[in-house]
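Please look through the sequence and the model shown below, and keep them at hand while you read. The questions that follow go from single pairs of residues to the chain as a whole.

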Amino acid sequence: MASSAASARRYAEAVFDLASETNTLDVWSQDLRTVADFVGEHDVAGILNSRRVPHDQKMRLLDAGIKQDVGPLTMNLVGMLEQRGKLSIAREIQTVFQEMLDERRGVAHAVVTTAVPLSADEQGAVATKLSSMTGKTIDVTSVIDPTIMGGLIARIGDQLIDGSTRTRLVALRRRLEGAAR
């Protein structure tokens, strides 16, 4: 049995190819988010994951909940996922699809941790600096963590840029301890 991540990647790649061919990337992005949000609702997920609820009743629930908000091809995907018992990976499919879309458009997401909140200008300056470092447009999500004391820590994918005061003080301490020997 394939892992859910591998299955989600295959579905996302297939949808991405279709969306690219039909120039409907943004439509599919929104549709996949709508599906993932709906099937992720606690009560809905409980019904969809129940073996006691027949397929046709699950499809009626899905039709009532999202059919008016998504395209017919998206509903075909939803029906196929439901029939195969894979609706639980809808969020993973949406996430992989969005990552592929961002990659195509040259967008990267950075989580920037600071000791104090950043102003809009400061956040823009950080995005500009990170953009020049990566060559991509940067979407910044700010996180506040007073334990870093000052400076910032930026994570872009698996890349970590640590310019925090705490890390600098720890490095200085190690150098001083090494010099004292």
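Q: How far apart are the closest N and O atoms in the salt bridge that R105 forms with D26?

A: This is a predicted model, in which local features need pLDDT of at least 70 and side-chain atom pairs count only at pLDDT 80 or more, while totals for chains, interfaces and linings use all residues. Residues are numbered from 1 along each chain as its sequence is written, and side-chain values use heavy atoms, with hydrogens and water left out. A salt bridge is a side-chain nitrogen of Lys or Arg within 4 Å of a carboxyl oxygen of Asp or Glu. In the pair of R105 and D26, the closest N and O atoms lie at a distance of 2.8 Å.

Q: Is D26 buried, partly exposed or exposed?

A: Buried means under 20% relative accessible area and exposed means over 50%, with partly exposed in between, using a 1.4 Å probe and protein chains only. Because D26 has a relative accessibility of 48%, it counts as partly exposed.

Q: In which helix do R9 and E13 both lie?

A: R9 and E13 form a salt bridge whose closest N and O atoms are 3.9 Å apart. The two residues are 4 apart, about one turn of the helix, and both lie in helix α1.

Q: Which residue forms a salt bridge with R60?

A: The closest N and O atoms of this salt bridge are 3.5 Å apart. Both residues are in helix α4 (residues 55–66), and because they are 4 residues apart there, about one helical turn separates R60 from D56. The partner of R60 is therefore D56.

Q: What kind of aromatic pair do F16 and F97 form?

A: Rings of Phe, Tyr and Trp (its six-membered ring) pair if their centres lie within 6.5 Å, and planes under 30 degrees apart count as stacked, over 60 as edge-to-face and the rest as tilted. By this rule the count comes to 1 aromatic pair. With 5.4 Å from centre to centre and 65° between the planes, F16 and F97 are edge-to-face.

Q: What is the relative accessible area of F97?

A: F16 counts as buried because its relative accessibility is 6%. F97 is also buried, and its relative accessible area is 0%.

Q: Which residue in the turn between β3 and β4 has a positive phi?

A: Two strands pair if DSSP finds at least two bridges between them. Strand β3 (residues 151–156) and strand β4 (residues 159–164) pair in the antiparallel sense over 6 bridges. They form a hairpin with 2 residues between them, and the turn residue with a positive phi, of about 60°, is G157.

Q: What is the radius of gyration of the protein?

A: The protein has 8 helices and 4 strands. The radius of gyration is taken over C-alpha atoms, and the globule rule is 2.2 Å times the number of residues to the power 0.38. For 181 residues this rule gives 16 Å, and the protein is more spread out than a compact globule because its radius of gyration is well over that, at 22 Å.
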